[in-house]
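Let's read a protein model together, one feature at a time. Have a look at the chain before we start.

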Amino acid sequence: MMMNGQKMAAPEVAVQLPESKMVAENTRGPFVGASGGGAAAAMRPFGRKTEVMNVLLRVLCMVTSVAALSFMVTAQQSSTVSIYGFMLPIQSKWSFSHSFEYVVGVSAVVAAHSLLQLLISFPRLLRKSPVIQSRTHAWLLFAGDQVFAYATISAGAAASGVTNLNRTGIRHTALPNFCKPLRSFCDHVAVSIFFTFLSCFLLAASAVQEVIWLSRSKY
């Protein structure tokens with residue numbers, strides 16, 4: 001363009017600068033968002049449904065442990081039994097057996113452990129925060145669940161041996177089947193043992209979930 005003998009340049013740069021700025025911002029934006037999403041995914045390898053299942057396992061484990069504890073501590077009965085034709089009074093109570101006391105102690109500890117983990121994880125679930133916060137947290141949960149799972153299965157096995165002896169008696173001796181006159185006592189013990197093994201299964205399921213979390217997590 002010529003004006004009064006002077007050549008003036010067109011303001012093309014002023015038009016191009018905003019456009020180049022917008023391209024730079026649009027180019028940078030998706031990369032920033034993707035990196036942030038990747039970090040969030042690494043910190044939360046489980047979906048919300050899996051975290052709800054984790055909390056539900058804690059609730060069920062606490063319920064089964066309390067049930068095992070309740071049925072065992074209420075197992076007591078008095079009756080009479082015939083030995084060599086003599087009617088003798090007998091009394092049965094869970095505290096007379098070390099194996100039954102072991103079941104009570106383990107069930108109480110597992111119930112306390114499940115309640116503690118539930119009090120920690122349930123508020124996080126309501127806030128939609130990760131239930132397991134870090135690898136250290138996951139390792140601690142895994143170690144605790146493993147220890148208590150082994151304890152419950154050993155307690156259930158020990159109590160099962162005593163209960164089986166009460167039901168079958170001792171061969172070649174005059175000791176009878178004590179569960180016939182003490183049916184209520186043996187039924188309470190059997191239900192308690194069932195819930196003890198069920199608690200072991202739930203603890204093992206929680207441990208498997210924690211192993212999966214550790215295999216997927218990077219932090």
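Q: How many helices and strands does the secondary structure of the protein have?

A: Helices (H or I, at least four residues) and strands (E, at least two) are DSSP runs, numbered from the N terminus. Here there are five helices and four strands. From the N terminus on, they run β-β-α-α-β-β-α-α-α. This is a predicted model: local features need pLDDT of at least 70, side-chain atom pairs count only at pLDDT 80 or more, and totals for chains, interfaces and linings use all residues. Residues are numbered from 1 along each chain as its sequence is written, and side-chain values use heavy atoms, with hydrogens and water left out.

Q: What share of the residues is buried?

A: Buried means under 20% relative accessible area, exposed over 50%, and partly exposed in between (1.4 Å probe, protein chains only). In this protein of 219 residues, 35% are buried.

Q: Which residues touch the most other members of the largest nonpolar core?

A: A nonpolar core is a set of buried Ala, Val, Leu, Ile, Met, Phe, Trp, Tyr and Cys residues joined through side-chain atoms within 4.5 Å. The largest one has 25 residues, and Met 72, Phe 100, Val 110, Phe 185, Val 189 and Leu 203 touch the most other members. Helices H2 (48-73), H3 (98-126), H4 (135-168) and H5 (183-216) each give two or more residues to this core. H5 gives the largest share, seven residues.

Q: What is the phi of Lys 128?

A: Most residues other than glycine have a negative phi. Lys 128 is not a glycine, yet its phi is positive, about 60°. Lys 128 sits in the loop between H3 and H4. It counts as exposed, because its relative accessibility is 58%.
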